[in-house]
Amino acid sequence: MQTEIKFRWLLLGSFLVNVGNSFIWPLTTVYIHDQLHQSLTVSGIVLLFYSGTNVIGSYVGGRLFDKYSPQRLTLGGIVAAVIFMGVLVFKNDWPTYPIMLALIGIVNGWLMTMHNSYGARMHSRDGRFVFNMLYFANNLGMVFGTTIVGPLYQYAHDNVGPLFLVTVVIYAAFSLVVIKFYQIAVIKRPQHEEKLVKLPRANSQLIWTMSGALLVIWMMYSQWSSNMSVYITGHGVSMTSYSLLWTINGLLIVVLQMAINWLNRRMNNDHLYLYFGTAMLGLSFLILPFAKGYGAFVFSMVVLTLGEATAIPTIPALVNQLCPMEDKGRYQGIVNSFGSAGKALGPLFGGLVIERFSYQPLFYVCTLAILGAGLVSWLMIEKNHRQAEYY
């Protein structure tokens with residue numbers, strides 16, 4: 001049996017999973033508040049649980065990927081997604097909706113880790129290229145999904161049932177792709193090596209440091225998809241113009257990933273992407289206290305996207321280099337778990353800071369937190385990278 005799947009099928013799967021995911025989070029707050037008549041606080045708690053269960057799915061999926069058939073695990077996640085979303089097609093009232101959403105969160109975290117772990121198993125392509133293209137496919141799915149979900153929701157007269165029917169069809173069609181093209185061999189360990197391979201101390205310190213940096217980055221980045229909408233519209237910017245910022249984000253990522261793939265062939269130091277990316281992410285928040293017009297918000301988004309496209313896909317690529325083949329799923333699961341935890345905690349953290357102080361202090365906190373994560377990563381890499389073992 002083959003040891004890796006064809007790259008185009010991996011990218012297609014990542015794209016489709018993110019299309020399905022983007023049918024959920026943009027409308028959850030609006031649907032829970034306007035249709036289910038719950039408070040914005042309750043909506044935030046529901047999203048917190050959704051992202052929190054992503055952590056569970058990511059971690060468990062990564063642990064199982066190294067031990068059992070990846071194809072069956074992926075197919076099992078798709079079947080579970082079809083079942084949970086199928087329930088919401090017919091019954092999407094309170095409390096069915098938040099309960100099913102939490103279960104879907106587990107499945108989405110599971111499927112994201114499956115795709116990252118499949119990517120970590122690829123040896124025919126450069127790891128940086130693999131994770132850059134996976135990130136590109138993720139964002140392309142997000143852009144596609146968020147672009148069509150609004151009009152579909154309006155066409156369905158504010159009913160989410162038809163939206164989940166569309167996702168059921170997408171996932172069901174994708175299951176056929178998994179059955180035909182997602183077969184790879186399970187790596188068999190000798191009986192005496194059933195436990196995890198013990199990593200060199202330098203490897204472990206680097207993996208945990210970069211995973212922690214990813215948690216901080218996503219905590220701060222998630223302000224843009226949650227609390228920033230209120231701040232920006234409060235400056236006289238329409239919701240349509242706010243949504244256009246995400247279109248700019250998606251288009252820029254497409255262009256930047258092509259540029260990064262070109263740079264990868266000419267630059268060998270992957271750590272520079274992480275340093276540059278965290279610097280840009282921090283700078284994007286430092287612009288916001290002085291932003292008055294829409295042009296300043298566009299500029300901040302451009303800088304944010306430049307940081308996002310360089311730092312975020314670099315972290316799983318670096319972790320991939322630091323762990324052996326037989327444990328790649330586990331460590332990709334850990335990385336995804338930290339990212340999901342950051343997405344879960346970010347909106348709540350931002351809301352608390354805004355409520356206690358205001359938006360301006362939040363922007364400075366985000367700047368310092370991201371730059372601090374970059375600085376700690378630089379110090380730990382300088383300390384450990386010569387002693388680390390690369391696989």
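This report walks through the pockets, cavities, surface features and selected residues of a predicted model.

## Ground rules

Since the model is predicted, local features need pLDDT of at least 70 and side-chain atom pairs count only at pLDDT 80 or more, while totals for chains, interfaces and linings use all residues. Residues are numbered from 1 along each chain as its sequence is written, and side-chain values use heavy atoms, with hydrogens and water left out.

## The second largest pocket

Let us start with an open space. The second largest pocket holds about 180 Å³. A pocket here is an open set of points on a 1 Å grid over the protein atoms alone, with protein on both sides within 12 Å along at least five of seven lines; lining residues have an atom within 4 Å of a point. Grid points are joined across faces, edges and corners, and a volume is the space filled by probe spheres set on the points.

The lining of this second largest pocket has 14 residues, and M122, G127, N320, K328 and Y391 lie nearest its centre. Two or more lining residues come from each of α5 (96–120), α6 (127–155) and α13 (314–322), with α13 giving the largest share, 3 residues. Helices are DSSP runs (H or I, at least four residues), numbered from the N terminus. Sorted by class, the second largest pocket is lined by 5 nonpolar, 4 polar and 5 charged residues. In this scheme Ala, Val, Leu, Ile, Met, Phe, Trp, Tyr, Cys and Pro are nonpolar, Asp, Glu, Lys and Arg are charged, and the others, Gly among them, are polar.

## The largest cavity

A cavity is a set of points on the grid where a 1.4 Å probe fits but cannot get out, and the structure holds 4 of them at 30 Å³ or more. The largest cavity contains about 70 Å³ of space.

Residues lining the largest cavity include R128, F131 and N132, along with D270 and Y273. At least two lining residues are supplied by each of α6, α10 (239–264), α12 (294–311) and α13; the largest share, 3 residues, comes from α6. By class, the lining of the largest cavity counts 6 nonpolar, 4 polar and 2 charged residues.

One member, L283, sits in helix α11 (residues 271–287) and is partly exposed at 36% relative accessible area. For reference, buried means under 20%, exposed over 50%, and partly exposed in between (1.4 Å probe, protein chains only).

How many salt bridges does a search of the whole structure find? The search finds 1, where a salt bridge is a side-chain nitrogen of Lys or Arg within 4 Å of a carboxyl oxygen of Asp or Glu. D93 pairs with K91, and the closest N and O atoms are 3.1 Å apart. Side chains of opposite charge can pair when their charged atoms come close. D93 is partly exposed at 32% relative accessible area, and K91 is also partly exposed, at 43%.

## A cis peptide bond and some helix residues

W94 and P95 are joined by a cis peptide bond, with omega of about 10°. P95 lies in the loop between α4 (70–90) and α5.

Helix α5 carries W110 and H115. W110 is buried at 15% relative accessible area, and H115 is buried at 2%.

I253 belongs to helix α10 and is buried, with a relative accessible area of 0%. The C-alpha atoms of I253 and K343 are separated by 19 Å.
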